[in-house]
Amino acid sequence: MTMIKESFQVKQGDMTTAGDASARIKRQCKQLGIPASVVRRVSVGTYEAEINLVIHANGGRIDFAVEPEKITIRVVDDGPGIPDLEKAMTEGWSTASNEVRNLGFGAGMGLPNMKRNADAFDIKSEVGVGTDITMVFNI
Amino acid sequence: MKGEERYFHSVSLDADKCRGCTNCLKRCPTEAIRIRNNQAVIIPANCIDCGECIRVCPHHAKVATTEPLSIIGAFEYRIALPAPALYTQFPQVHQSEKIIAALYKLGFDEVFEVARAAEVISYAISRTLINEDRPRPVISSACPAVLRLIQQKYPSLLDNVIDIVSPMEAAARIAKEEFARTRGVPVEKIGAFFISPCAAKLSDVRNPLGIGKSAVDGVIAIKDVYTQIQAHVKDGFTPLEIDRASTVGVRWAIPSGEADAVGMRHTLCVDGIENVKRALEQIEDSRFDRLDYVELLACTNGCLGGPLTVENGFVAKSRLNAILRHTPSKMVQRTEIFQDAATRFRTTEPIEPSDAQQLTGTMMERILKAARIDEIEQNLPGLDCGSCGSPTCRALARDIVGGFATEMNCIFKLNERISTLASEMVSLGASTRFAVGANRTVAAPDAENTDPQEE
């Protein structure tokens with residue numbers, strides 16, 4: 001299957017590089033001429049995911065794949081895991097520190113935002129093991 | 001025909017002055033420049049007429065085409081539409097009235113301040129923001145270079161752009177209507193001319209976005225009328241009997257002037273094209289959703305930093321404070337102009353995204369091309385030096401895939417290749433040292449066969 005596959009490592013706590021991976025993914029989508037509305041949803045979802053890796057997990061990895069009909073973003077970390085997934089999927093719920101909130105993040109919109117923007121959303125999380133999110137966007 | 005018109009650009013190259021250096025190449029915000037055969041080439045579909053290349057070219061090889069003052073002769077009645085930036089250009093002149101009076105002496109029958117139209121447009125925008133539901137943040141439509149940047153690089157944000165025309169456009173319409181009504185002359189005989197600090201405005205007038213045809217009949221550069229205005233500014237003048245713009249409109253010349261005039265609670269102003277690009281990236285990632293209105297200006301210091309101005313933009317900004325002290329603080333709100341402004345000055349056509357930055361072909365072909373670009377880019381040195389004539393290694397990779405360049409345009413790749421060839425030749429030389437004589441006797445009849453006289 002012909003496709004574009006890229007993988008990005010995201011560092012924990014590094015706000016200078018936070019956003020680089022989603023910016024690269026956005027650039028590639030635009031170059032490919034993917035419809036603007038889809039690119040917008042990919043950017044928002046990927047950016048949220050990347051910030052989550054920087055803030056909540058111990059960093060992690062973002063895999064980006066493009067096939068003629070869909071874009072798949074997989075976000076994997078071996079961070080603390082999410083104890084109550086249902087709660088975390090609720091808008092406004094956040095465990096972010098004040099320091100992070102002061103930067104304008106941690107409003108508790110991350111996971112719900114990812115789900116809302118993706119055409120398909122899947123999340124697996126285990127405390128002490130990590131979190132594995134897959135977002136699919138139809139082109 | 002339409003195609004040709006679409007690519008009119010006010011920014012162009014003076015080939016005699018261009019030395020093929022990399023200054024403009026590296027600074028173009030849309031990567032619209034290539035150096036080919038020691039000359040800069042502007043890719044029309046990618047140029048947004050921002051004028052950045054005009055500012056950075058040390059040889060003044062980049063020029064903005066505007067119209068000479070003589071163009072006003074094509075119309076029986078002529079109206080000057082001075083941008084408020086004009087008022088800041090003259091040292092020791094703090095009364096804009098003197099400058100407006102000088103414009104009449106240049107041959108104009110009427111002067112209508114664009115700052116007055118800016119007041120009407122501010123009102124129309126604020127009405128729209130209050131009464132209508134629009135995706136936030138709403139983005140200003142006033143800077144033509146920013147509009148074209150969004151169209152090309154941030155098309156998903158076109159829905160955020162306010163669908164109200166620019167103050168220049170509104171000024172031309174109001175001025176012509178007023179003139180036709182008060183003097184009883186047909187509108188076709190009236191020409192409206194924008195006195196411009198901006199390189200993108202002529203392109204904007206010739207190929208407007210959001211409207212069918214512009215009411216502006218010509219764009220004259222501030223720098224081209226500077227000395228003539230300067231000469232008349234010293235003359236005495238009789239007080240003008242026209243409605244004057246207030247500080248609200250005149251402040252549109254500086255960053256935040258527009259956002260302040262629109263009067264929403266959460267506004268932001270960003271000036272300078274690279275800053276604007278960063279802001280647009282963030283708006284795309286939904287990071288500015290809580291803002292109501294965003295004013296984006298391609299030039300540092302906004303219109304005061306326009307490439308067609310004479311005065312340093314920072315000096316002009318400081319001078320504006322003195323000018324504002326001599327400007328009426330109370331707005332003249334004529335009902336016939338202000339009523340229905342939000343509908344009257346609405347754009348009539350959607351702004352379509354531009355595909356200039358995208359790969360072409362079917363989705364599968366585009367994917368293959370993108371994969372090839374990534375592969376080529378990884379093999380390039382990654383120095384983004386521009387010596388190949390493309391602005392970055394990645395741009396060269398795209399140019400190679402597009403068939404406009406080869407890997408040998410990269411001087412490092414070429415160097416590598418030459419070293420390999422040289423060492424191959426040395427070893428070839430060493431291994432064939434004793435065979436050379438024999439080869440030569442074999443080669444001789446061939447040489448005779450290719451004698452041109454035999455043909």
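Chain A contains an open sheet of five strands in the order 1-2-3-5-4, with antiparallel pairing. Here two strands pair if DSSP finds at least two bridges between them; strands (E, at least two residues) and helices (H or I, at least four residues) are DSSP runs, numbered from the N terminus. The edges of the sheet are held by strand 1 (4–10) and strand 4 (120–126) of chain A, each of which has a single partner strand, so one side of each is left without a neighbour in the sheet. On average, neighbouring strands of this sheet are turned by 10 degrees against each other, direction ignored. Axes are lines fitted to C-alpha atoms, for helices over the stretch in contact, and angles run from 0 to 180 degrees between N-to-C directions.

This is a predicted model, in which local features need pLDDT of at least 70, side-chain atom pairs count only at pLDDT 80 or more, and totals for chains, interfaces and linings use all residues. Residues are numbered from 1 along each chain as its sequence is written, while chains are lettered from A and ligands numbered from 1 in the order in which they are written.

Within chain A, Lys5(A) stands opposite Ala65(A) of strand 2. Helix 1 (residues 20–31) of chain A lies across strands 1, 2 and 3 (70–77) of chain A and runs at about 165 degrees to strand 1.

Along the sequence, chain A follows the pattern β-α-α-β-β-α-α-α-β-β, with five helices and five strands.

How values were computed. Contact = placed C-beta atoms within 7 Å.
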